[in-house]
Amino acid sequence: MSTSVLRTLPRVLPRAVRTYASRASPLTSPVSGLCGAIGNTPLIKINSLSRETGCEVYGKAEFMAPGGSVKDRAALYIVLDAEKKGLIKPGGTIVEGTAGNTGIGLAHVCRARGYKCVIYMPNTQSAEKINLLRMLGAEVYPVPAVPFADPQNYNHQAARHAEKLDNAVWTNQFDNVANREAHILTTGPEIWTQTRQTGLDGFICATGTGGTLAGTTRYLKDASGGQVQCWLADPPGSVLHTYVQTKRERMERTGNGSITEGIGQGRLTSNLQPDIDLIDDSLHIEDEASIAMVFRMLDEEGLYIGASSALNLVAAARMAQKLGKGSKVATIICDGAARYQTRLFSRKWLESKSLLSAIPSHLHRYIVLP
C-alpha cells in the first residue's frame, strides 16, 4: 500500500466500528482445536418478538457452534465420557443412532480426536444432513423410521453394530446422561451469566434426547433458587406435553407428526427423567406457527434457522406473553436452515405438507425452490 493511500486512512476507527469492537467477548484467547471452540455461543435478543410481546425474548445462537448445532455440546461430552471410562481407545469407532445433528457433531469430534464414526439414522431425515455426514467421513446407514419399541429402530441397530466391532462404543445419546451433564456444565451457566444484567424469568425449549432441556433446567433452577420458570415446548406427535399437563399421569401423542426434525419424544429418556419434576409447564406448538416463524425470522431478523429453532422461538414468545409484560425468556436456536433448505424453501414440499397458506403472503418471495 502506498504512503499516499495510508495518509488517507482514518486515524480513529468510525464510531460504529468502535462500538462493535467494544463488545468483544473476554473469551478472545485461542482455544485448543475444534473441541475447544464448542460452547460460549452468543445470546441474541430477538428484537421483533421482544417488541411484539412487550418482553425480552432471547435465543442462544447454537447455529454458531463449529459443527453448526447445539448437539456439538452433547457430542463432545459423550466422547469425553467414553474416553474417561476407558470405553474407547485411540483409533476406535464411535457408533450412534441420531436424527442428524448429534451425528454431525460426533463426526466433527471424531475427526478431531482420531476416531472412526458410524451413524444410523431414520431415512426421513433431510438429504443435506445425510450428505454432510458422509462428507465428514462418517459411515452412514439411513434405515426405515420405526418406533423405539421395534427392534429395527435406528438406535437398536446402532447398538448391535457397535457390539460386532472391536474397540467400539455405542454412545446412546438418548439415555447417556453425559448428554445432560454437558448442559449442566455449559449451556445453563452460559445463559445465567449472559442474563446477569437483564435478569431471567423463563427458559423454554423442545426436547428430543432430553439433554438440553434437563441439563439447562437443572442449572437454572439451582442458580436461581427455583425462581426461573422452566417449560417444555412440544411438537405434534410427541407425548411429553400431555405428560406434563396431566401431572405425569398419562403419555398421549398430541397430533400425528411434525415437520420438525430431532425433537418430540414417545417416552421419558434417562436424560430427562431426573429433572422432569422441575418442568413447570409445557406448550404444544403447531407446525403452522413453526413454519411461519422460519420465514419471519429470515425477513425480520436476518436469522436463517431451522424449523426446530423456529418452534422454540414461537414457544419463547408465547411463554413471555403468559409470564407478563417485561418478562425475560430465553430459548435455544438449535441450528440453521441450510440442513433443511430443500424442504423448507420448496413450494412443492410446503404444499405437500399443507403449510404454504401458513406463511404470510408477503414472505412468499423467500420460497425460491420449486
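Which residue in β10 does phenylalanine 203 stand opposite? Phenylalanine 203 faces alanine 330 in that strand.

The structure is a predicted model, in which local features need pLDDT of at least 70 and side-chain atom pairs count only at pLDDT 80 or more, while totals for chains, interfaces and linings use all residues. Residues are numbered from 1 along each chain as its sequence is written, and side-chain values use heavy atoms, with hydrogens and water left out.

Helices (H or I, at least four residues) and strands (E, at least two) are DSSP runs, numbered from the N terminus. Two strands pair if DSSP finds at least two bridges between them. Strands of a sheet pair through backbone hydrogen bonds, either parallel or antiparallel.

Contact here means heavy atoms within 4.5 Å. Axes are lines fitted to C-alpha atoms, for helices over the stretch in contact, and angles run from 0 to 180 degrees between N-to-C directions.

**The four-stranded sheet**

A second open sheet has four strands in the order β5-β4-β3-β6, with parallel pairing. Its edge strands are β5 (139-143) and β6 (168-170), each with a single partner strand, so one side of each is left without a neighbour in the sheet. On average, neighbouring strands of this sheet are turned by 15 degrees against each other, direction ignored. Strands β3 (residues 93-97) and β4 (residues 116-122) run parallel and are joined by five bridges. Glycine 97 has tyrosine 120 in β4 as its bridge partner. Helix α7 (residues 127-135) lies across β4 and β5 and runs at about 155 degrees to β5.

**Helix pairs**

Two packed helices are described by the angle between their axes and the distance between the axes.

| Helix pair | Angle | Axis distance |
|---|---|---|
| α6 (residues 101-113) and α7 | roughly 15 degrees | within 9 Å |
| α5 (residues 71-84) and α6 | about 50 degrees | 8 Å |

Helices α6 and α7 are therefore roughly parallel to each other, a label for angles under 35 degrees; over 145 counts as roughly antiparallel, 65 to 115 as roughly perpendicular and the rest as oblique. The crossing of α6 and α7 is left-handed. In their contact, Asn101, Gly103, Ile104 and Ala107 of α6 meet Lys129, Leu132 and Leu133 of α7. These residues divide into four nonpolar, two polar and one charged.

The angle between α5 and α6 makes the two helices oblique, and their crossing is right-handed. Among the contact residues are Lys71, Asp72 and Glu83 of α5 and Arg113 of α6. The residues of this contact divide into six nonpolar, three polar and four charged.

**Record annotation**

UniProt, in an unreviewed entry, places the feature "domain: Tryptophan synthase beta chain-like PALP" at residues 36-335; such annotations may be inferred rather than shown by experiment. The span is 41% helix and 17% strand, and its end C-alpha atoms lie 19 Å apart.

How values were computed
A crossing is left-handed if the near helix is turned anticlockwise from the far one by less than a right angle, and right-handed if clockwise. Ala, Val, Leu, Ile, Met, Phe, Trp, Tyr, Cys and Pro count as nonpolar, Asp, Glu, Lys and Arg as charged, and the others, Gly among them, as polar.
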